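User: Could you walk me through how to read the main features of a model like this one?

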Amino acid sequence: MQFLPLAPRPVGTGVGDPPPARRHPPGAPSPTRRALTDQPRPRPPAAPTVTFAVLAVSESPVEAPPPNVRPPAPSAPRGTLRVVVFVVGAASLGTEIAAARLLAPYFGASTIIWANTIATVLVALSVGYACGGRLADRRGDLAGLAGIVMSAAVLMAIVPFAADPFLRLAAQALGSTSAGGFLGSLAAVLVLVAVPVVLLGAVAPYANRLGLGSVANAGTVTGGLYAISTAGSLVGTFLAALLLIPLIGTHRTFLVFAAALALVAAPFLRSRFVWLVPAVLAGALAIPPAAGSANVPGAKVVFAEETPYQYARVLQFANGERWLQLNEGIAIHSLYRPGSFLTGGYWDDPLVLPGASARGEPRRMAILGDAAGTVARAYGHYLPSTRVDAVELDGALTRIGQRLFGLRGSNLHLYTADARPWLAGRRARYDTIFLDAYRQPYIPFYLVTREFFQLVRDHLRPGGALVINIGHIPGSDALEKTVTATLRTVFPWVLRDVVSDSNTLAMASVQPLRPARMPAAAPRGLGSLARSVQTRIWPPLRGGTVFTDDRAPVEWLTDLSIVHYAQSGR
């Protein structure tokens with residue numbers, strides 16, 4: 001408000017001014033004098049009086065609506081919008097879970113891959129939010145929203161099929177250690193996933209615009225829609241991770257979410273032909289995912305399955321030999337030779353390495369990471385009196401071992417569990433513990449930390465030994481140095497068995513390890529194997545960083561080894 005001065009008024013003319021004073025002499029005054037005294041007596045000029053008026057400045061008056069008039073209705077029924085945002089929320093997070101699963105067989109499931117996947121989804125959603133708000137201001141109708149959702153459905157259904165060539169390229173690049181092809185394939189797949197997510201992100205502000213009838217209830221409408229969308233995201237996360245991917249696989253999970261999006265969008269588009277989209281997507285669920293070729297000369301795929309944890313396949317050669325390969329297929333996780341229990345690989349050495357320990361031939365052994373049971377099967381043949389507790393996280397691999405790899409034994413006990421929690425919950429103590437757990441190309445970080453090795457030590461009998469398979473990039477010893485350095489913080493005695501340029505077995509104990517005892521302690525028929533292994537045993541490598549549960553960058557260490565190997569051109 002402002003204070004404005006008014007012009008001065010003459011004195012005595014204002015309302016309420018006192019009348020002018022008159023002089024009365026004691027005697028009868030003369031007429032002249034009386035006439036003079038009848039006139040107002042002049043007063044000395046006074047200072048002008050300034051008064052102020054208060055001017056109130058306010059906004060334009062807002063008239064309250066009449067009591068019988070309702071506020072404007074929203075542009076779309078709120079019940080319809082709630083259904084749409086719920087399904088879109090479920091598809092957004094379900095797509096993120098499925099995308100990480102789509103990448104895992106070729107790029108791994110490390111924190112690095114998860115970080116890239118989450119970042120891609122968040123960036124795509126952010127772009128979608130911005131674009132959706134602008135689109136809603138230009139065309140705020142339900143048909144426009146339905147068009148966005150339908151487009152997202154079609155693009156989402158394309159993702160698993162369009163990603164296949166890039167994923168095959170990634171597998172070839174990893175096999176040939178081409179860092180550029182590997183990273184380029186990863187970027188291409190992430191971009192494919194990002195495109196439909198951008199459209200899904202545009203739905204939230206668009207639906208919010210349609211749901212607002214007036215600014216008076218903007219907070220209630222916006223909060224309600226975001227709450228329903230978040231609830232949908234929660235449902236989509238658990239639906240993808242706990243039901244769809246384990247039951248129908250990754251490719252069909254994309255199709256299920258795409259079909260759901262198309263189904264909620266079709267009723268609000270003006271063409272009858274749009275109903276073909278959800279029908280086609282539902283029919284596409286009957287198409288089996290493309291089967292991978294063996295890519296190994298002389299081998300054919302005799303079994304393939306997408307388990308809850310990974311993609312597993314079994315290759316068979318003309319002589320009946322079988323390989324178990326997981327995910328990208330650049331490593332052999334179990335090997336079976338008809339009529340033989342030896343493989344010629346690192347699986348044979350755990351049969352004779354315990355002879356170097358003070359316990360000698362084990363009476364009780366634990367295998368952490370049994371896969372299809374190559375080592376467990378050999379123990380059942382050469383050491384039938386030894387109790388073997390074989391632990392495998394993926395129960396599907398155990399079933400594959402029983403069906404195709406001859407996994408059986410009179411003293412064999414099979415467990416489906418994660419190795420570390422399983423061991424922590426056991427009271428039993430072992431003469432030998434063999435660790436061979438991998439999600440190619442990474443060993444789980446929590447199985448190579450000081451705390452885990454202390455747990456293993458607590459479950460070993462006096463003089464017992466731990467044997468670890470350290471798979472690494474050919475010519476790289478960074479991971480072996482780190483694992484060895486961590487082992488030495490718990491076990492004073494550590495030796496290394498150099499099996500090949502990509503496999504080393506580390507052996508650790510609290511009592512002295514003597515390789516010279518191995519031939520005499522070897523099971524019957526394995527003396528020559530013990531003597532051969534004895535020649536490959538060397539002192540431990542020096543250097544490396546000690547891993548703890550708090551800090552164990554296994555993925556980073558392995559990724560750097562891959563990059564260095566690729567740059568070397570070998």
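User: How many helices and strands does the secondary structure of the protein come to?

Analyst: Helices (H or I, at least four residues) and strands (E, at least two) are DSSP runs, numbered from the N terminus. Here there are 16 helices and 14 strands. This is a predicted model, where local features need pLDDT of at least 70, side-chain atom pairs count only at pLDDT 80 or more, and totals for chains, interfaces and linings use all residues. Residues are numbered from 1 along each chain as its sequence is written, and side-chain values use heavy atoms, with hydrogens and water left out.

User: What percentage of the residues count as buried?

Analyst: Buried means under 20% relative accessible area, exposed over 50%, and partly exposed in between (1.4 Å probe, protein chains only). Of the 570 residues in the protein, 47% are buried.

User: Which residues touch the most other members of the largest nonpolar core?

Analyst: The general idea first: in soluble globular proteins, nonpolar side chains tend to be buried together. A nonpolar core is a set of buried Ala, Val, Leu, Ile, Met, Phe, Trp, Tyr and Cys residues joined through side-chain atoms within 4.5 Å. The largest one has 60 residues, and Leu145, Val149, Met156, Val203 and Leu261 touch the most other members. At least two residues each come from H2, helix H3 (111–138), helix H4 (142–175), helix H5 (179–211), H6, helix H7 (250–265) and helix H8 (276–284). Apart from this core lies another, of 38 residues, including Ala378, Leu495, Leu505 and Ala530.

User: And what is Met156 in contact with?

Analyst: Contact means heavy atoms within 4.5 Å. Leaving aside neighbours within four places in sequence, Met156 contacts Ala91, Thr95, Pro196, Leu200, Phe254, Phe257, Ala258 and Leu261.

User: Which residues form a nonpolar patch on the surface?

Analyst: Such patches join nonpolar side chains (Val, Leu, Ile, Met, Phe, Trp, Tyr) within 5 Å, using residues with over 30% relative accessible area and no salt bridge (a side-chain nitrogen of Lys or Arg within 4 Å of a carboxyl oxygen of Asp or Glu). This patch consists of Phe86, Leu234, Val235, Phe238, Leu239, Leu242, Leu243 and Leu247. Helix H6 (residues 218–248) gives the largest share, seven residues, while Phe86 lies in helix H2 (residues 78–107) and is partly exposed at 31% relative accessibility.

User: How many aromatic pairs does the structure hold?

Analyst: Rings of Phe, Tyr and Trp (its six-membered ring) pair if their centres lie within 6.5 Å; planes under 30 degrees apart count as stacked, over 60 as edge-to-face and the rest as tilted. There are seven pairs. The rings of Tyr415 and Trp422 have centres 5.3 Å apart and planes at 55°, so this pair is tilted. Tyr415 is partly exposed at 22% relative accessible area, whereas Trp422 is buried at 10%.

Note on methods:
Patches are made of residues with over 30% relative accessible area and no salt bridge: like charges are joined within 9 Å, nonpolar side chains (Val, Leu, Ile, Met, Phe, Trp, Tyr) within 5 Å. Accessible areas come from the Shrake-Rupley method with a 1.4 Å probe; for residues, only the protein chains shown count as cover.
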